[in-house]
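I keep these notes to record what I looked up in one structure and what I found. Each entry covers one topic.

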Amino acid sequence: MSYRAADSAPKDVYSELPLINNERLRFDGSTPFIPNYVKRSVTRSTDPAQAYASRVEGRQILLDNPARESKAKKAREEQRARRTSERARRAAGVISKTEGNQKGVWRLQKGETKYHLFLPLHSLWLGYMSELLSLSAQPATGSGDPAASMPGVAGMHSKLIKADFHGAVVTVRQSKNPCLVGLSGIVVHETENAFKVITQKDQLKLIPKQNSVFMFAVPLYSMPSPSPLPQPSSPPRTVLDVPHIEFELYANHFCFRAAERAGRKFKHKETMEL
């Protein structure tokens, strides 16, 4: 590549610069290029030196946009992560909600909707509550004050909102549907928006959480672990047959699945009247 000067023959652009007064071109730090360029050409403020000292001097400035990952690469990585989690889930034997509905995992037959069949599940839930809330043992008959055995309610709230309610006895206190008020039973399945309960009349009921207030109870004292062997001599008991503490559950703020509540942070919210 060459160029032609106005008063000379063609010259090579890569040739050395001509000497000025027989001296080569020198660069020194007395007049650096960047500060002079910024102060002279870029800055339009009244005090260019102050603008350079406050915004440019001593800072790393990117002269080009940083490299960004392409959308196609990001989509491939997300798809690869989904496939990995899907293989891990299938290896662990966990089925999805759609597969569970197709196989009828939560669909009970008519002969299985019996209240007494789910009393052992309720006994397991009582033991789970005793361990979760660290309840004290029941004192001897006729001794001790129940009020003194009352655990700290403030500490119980943070644990109960994240607890699993499969096996709990819940009662509808308030609802916009008057037909549901007073309905009580053992929770056999909890979804994001409803409780599925078995009543004492051996009826399977689906109770929506929206616009409903539930009552549930936890034992006041620690309950012993249920025996694996049947004991026909002892009548079945629920939490309502022993000293217990009652709580009201405003289900409008409880529309989450049990697995999602375990890792969720709840905030105090005002409760609207039904």
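**Entry 1: a ring under cover**

I began with F216, which is buried at a relative accessible area of 4%. The model is a predicted one. I then looked for the ring that pairs with F216. The structure holds four aromatic pairs. In one of them, F216 and F247 are stacked, with 5.7 Å from centre to centre and 20 degrees between the planes. F216 belongs to strand 7 and F247 to strand 8 (residues 244-250), so this pair links distant parts of the chain, 31 residues apart. F247 has a relative accessibility of 9% and counts as buried.

**Entry 2: the whole chain**

I stepped back to look at the chain as a whole. I listed seven helices and eight strands in the protein chain. The chain has 274 residues, and buried residues make up 26% of them. I looked up the accessible surface, which comes to about 20,700 Å², with 53% of it belonging to carbon and sulfur atoms. I also checked contacts between residues at least 6 apart in sequence: 59% of them join residues at least 24 apart.

**Entry 3: strand 5**

How many residues of strand 5 are buried? I found that five of its five residues are buried, so I wrote the strand down as mostly covered; the cut-off for buried is under 20% relative accessible area. Strand 5 covers residues 194-198. Next I looked at where the side chains go. In a regular strand the side chains alternate between the two faces of the sheet. In strand 5, A194, K196 and I198 point one way, while F195 and V197 point the other way. All of these residues are buried.

**Entry 4: the partners of strand 5**

Which strands pair with strand 5? I found strand 4 (residues 184-190), which pairs with strand 5 in the antiparallel sense over four bridges. Opposite F195 in strand 5 stands E190. Three residues lie between strand 4 and strand 5, and the two strands form a hairpin.

Strand 6 (residues 204-208) also runs antiparallel to strand 5, and five bridges join them. Here I198 has L204 in strand 6 as its bridge partner. Strand 5 and strand 6 form a hairpin too, with five residues between them.

D202 sits in the loop between strand 5 and strand 6. Is D202 buried, partly exposed or exposed? Its relative accessible area is 30%, so I put D202 down as partly exposed.

**Entry 5: what surrounds F195**

I went back to the aromatic pairs, of which there are four. F195 and F214 form an edge-to-face pair, with 5.2 Å from centre to centre and 80 degrees between the planes. F195 lies in strand 5 and F214 in strand 7 (residues 212-219), so the pair ties together parts that are 19 residues apart in sequence. Both F195 and F214 are buried. I also found a charged neighbour: K209 lies over the face of F195, at 4.9 Å from the ring centre.

I turned to S130, which is placed in helix 5 (residues 119-132). S130 has a relative accessible area of 7% and is buried. What is S130 in contact with, leaving aside its neighbours within four places in sequence? I listed L135, P219, Y221, S222 and M223.

In the loop between helix 5 and helix 6 (153-160) I looked up S134. S134 is another residue other than glycine with a positive phi, near 55 degrees. With a relative accessible area of 58%, S134 is exposed.

**Entry 6: cysteines**

How many disulfides does the structure hold? I found zero. C179 counts as exposed, at 67% relative accessibility. C255 is buried, with a relative accessible area of 14%.

Key:
Residues numbered from 1 in each chain as written. Predicted model: local features only at pLDDT ≥ 70, side-chain atom pairs only at ≥ 80, totals over all residues. Heavy atoms only, no water. Disulfide = S-S within 2.5 Å. Buried < 20%, exposed > 50% of the residue type's maximum accessible area, 1.4 Å probe, protein only. Contact = heavy atoms within 4.5 Å. Areas by Shrake-Rupley, 256 points an atom, 1.4 Å probe, with all protein chains shown as cover. Pairing = 2+ DSSP bridges. Phe/Tyr/Trp six-rings, centres within 6.5 Å; stacked < 30°, edge-to-face > 60°. Lys NZ or Arg CZ within 6 Å of the ring centre and 35° of its normal.
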